[in-house]
Amino acid sequence: LYANAEILDAKFTRGPQEGNTPQYAPKTIARAGLIYSKETKMKIALMGTFVGSHYADDGNTDRFEVPSYTVFDLTADY
């Protein structure tokens, strides 16, 4: 079992974007998954990444808001 969490509080402190969140800086990113291995011959992992909503511009314009999303990855090695 694997889990990891990142909590980010990024804000501009000076300049024309003061108080805004920088682009591509979500408040939360979490990763979790299952990893199974049998000796050194086989390894299977199912991992999920959960990203909170964020902006694709420094002005935090609503039209550039990126909604939260989840990505799963299944990997197998033999």
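Reply: Here is a quick tour, topic by topic.

Reply: This is a predicted model, where local features need pLDDT of at least 70, side-chain atom pairs count only at pLDDT 80 or more, and totals for chains, interfaces and linings use all residues. Residues are numbered from 1 along each chain as its sequence is written, and side-chain values use heavy atoms, with hydrogens and water left out.

Me: How many helices and strands are there?

Reply: Zero helices and six strands. Helices (H or I, at least four residues) and strands (E, at least two) are DSSP runs, numbered from the N terminus. The order from the N terminus is β-β-β-β-β-β. The radius of gyration is 17 Å, well over the 12 Å that the globule rule gives for 78 residues, so the protein is more spread out than a compact globule. That radius is taken over C-alpha atoms, and the rule is 2.2 Å times the number of residues to the power 0.38.

Me: And what does the C-alpha trace span along its principal axes?

Reply: About 55 × 25 × 15 Å.

Me: What share of the residues is buried?

Reply: Buried residues are 19% of the 78. Buried means under 20% relative accessible area, exposed means over 50%, and partly exposed is in between (1.4 Å probe, protein chains only). The protein exposes about 6,100 Å², with 55% of that from carbon and sulfur atoms. Areas come from the Shrake-Rupley method with a 1.4 Å probe; for residues, only the protein chains shown count as cover.

Me: Now the pairing. Which way does strand 1 run against strand 2?

Reply: Antiparallel, with six bridges joining strand 1 (residues 2–7) to strand 2 (residues 28–38). Two strands pair if DSSP finds at least two bridges between them. Tyr 2 has Gly 33 as its bridge partner in strand 2, and Ile 7 stands opposite Thr 28.

Me: Is strand 1 covered or in the open?

Reply: Of its six residues, the number buried is zero, so strand 1 lies largely in the open.

Me: What about strand 2 with strand 3, how many bridges?

Reply: Ten, in the antiparallel sense. Ala 30 stands opposite Phe 50 of strand 3. The two strands form a hairpin with three residues between them. Glu 39 in that turn has a positive phi of about 50 degrees.

Me: Which other residues have a positive phi?

Reply: Tyr 24 has phi near 55 degrees, and Asn 60 has a positive phi of about 55 degrees. Most residues other than glycine have a negative phi.

Me: Where do they sit, and is each buried or exposed?

Reply: Tyr 24 is in the loop between strand 1 and strand 2. Tyr 24 counts as exposed because its relative accessibility is 53%. Asn 60 is in the loop between strand 4 (54–55) and strand 5 (65–66). With a relative accessible area of 18%, Asn 60 is buried.

Me: Surface next. Which residues make up the nonpolar patch?

Reply: Tyr 36, Ile 44, Leu 46, Phe 50, Phe 72 and Leu 74, with about 620 Å² of accessible area together. Patch residues have over 30% relative accessible area and no salt bridge; like charges are joined within 9 Å, nonpolar side chains (Val, Leu, Ile, Met, Phe, Trp, Tyr) within 5 Å. A salt bridge is a side-chain nitrogen of Lys or Arg within 4 Å of a carboxyl oxygen of Asp or Glu.

Me: Which strand gives the largest share?

Reply: Strand 3, with three residues. Strand 3 (42–51) and strand 6 (69–77) each supply at least two. Ile 44 lies in strand 3 and is partly exposed at 34% relative accessibility.

Me: What does Tyr 69 touch?

Reply: Thr 49, Phe 50, Val 51 and His 54, leaving aside neighbours within four places in sequence. Contact means heavy atoms within 4.5 Å. Tyr 69 lies in strand 6 and is partly exposed, at 40%. Tyr 69 and Thr 49 are 20 residues apart in sequence, with their C-alpha atoms 8.3 Å apart.

Me: And where is Tyr 78?

Reply: In the segment after strand 6. Tyr 78 is exposed, at 81% relative accessibility. Tyr 78 touches Lys 41 and Met 42, not counting residues up to four places away in sequence.
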